[in-house]
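Grab a pencil and work through these exercises on one protein model. Try each task yourself before you read its solution.

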Amino acid sequence: LVSKGTNAWTIVPQLGTYARYAMLWKVLYTLKDAADRGRLDGTTFIELNFLSAGVLAIMSAAAGIASPVGGVALSLSIFSALTGISSIRNKKQS
């Protein structure tokens, strides 16, 4: 990432990209932990599911759906959206 003679301002956009990915993975880990505990019916976790579905859909569109990264992002986006819908149904039934 940093080599001799590298201008610090050229690194900032790369760090911003890595920071966004780190935040997304923290959200996904939080959702995984909530799923392990059976707490996905909470409003916060429902919103996080739809937020992650949107972000992953945007990532899929940016990478191209036909590419491996785009395909995986699209699959995760659909899974997150369906989990959010399922959580809403479960919450209404209880």
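The model you're looking at is predicted, so local features need pLDDT of at least 70 and side-chain atom pairs count only at pLDDT 80 or more, while totals for chains, interfaces and linings use all residues. Residues are numbered from 1 along each chain as its sequence is written, and side-chain values use heavy atoms, with hydrogens and water left out.

**Exercise 1. Find how α1 and α2 are oriented to each other.**

Step 1: Know what you're looking at. Helices are DSSP runs (H or I, at least four residues), numbered from the N terminus. Here α1 covers 8-37 and α2 covers residues 43-63.

Step 2: Get the angle. α1 and α2 pack at about 140°, and their axes are 10 Å apart. Each axis is a line fitted to C-alpha atoms, for helices over the stretch in contact, and angles run from 0 to 180 degrees between N-to-C directions.

Step 3: Apply the cut-offs. α1 and α2 are therefore oblique to each other.

Step 4: See who meets whom. Contact means heavy atoms within 4.5 Å. Among the α1 residues that meet α2 are Leu24, Leu28 and Leu31, and the α2 side includes Phe45, Leu48 and Met59.

**Exercise 2. Work out where the buried residues of α2 sit around the helix.**

Step 1: List them. Buried means under 20% relative accessible area, exposed over 50%, and partly exposed in between (1.4 Å probe, protein chains only). In α2 the buried residues are Phe45, Ile46, Leu48, Asn49, Ser52, Ala53, Leu56 and Ser60.

Step 2: Look down the axis. These residues fall within an arc of 155°, so they line one face of α2. The arc is that of the directions from the helix axis to the C-beta atoms.

Step 3: Check the other side. The face turned away from the buried side of α2 carries the exposed residues Thr44, Glu47, Ile58, Ala61 and Ala62.

Step 4: Find the partners. The buried residues of α2 pack against α1 and α3.

**Exercise 3. Describe how α2 and α3 cross.**

Step 1: Read the geometry. The axes of α2 and α3 come within 8 Å and cross at roughly 160°. That makes α2 roughly antiparallel to α3.

Step 2: Zoom in on Ser80, which is found in α3. With 5% relative accessibility, Ser80 counts as buried.

Step 3: List what Ser80 touches. Leaving out residues up to four places away in sequence, Ser80 touches Asn49, Ser52 and Ala53.

**Exercise 4. Decide whether Arg89 is buried or exposed.**

Step 1: Locate Arg89, which is in helix α3.

Step 2: Compare with the cut-offs. Arg89 has a relative accessible area of 58%, so Arg89 is exposed.

Step 3: Look along the chain. Arg89 and Asp41 are 48 residues apart along the chain, and their C-alpha atoms are separated by 8.8 Å.

Note on methods
Helices (H or I, at least four residues) and strands (E, at least two) are DSSP runs, numbered from the N terminus. The expected span of a helix is 1.5 Å times one less than its number of residues. Angles under 35 degrees count as roughly parallel, over 145 as roughly antiparallel, 65 to 115 as roughly perpendicular and the rest as oblique.
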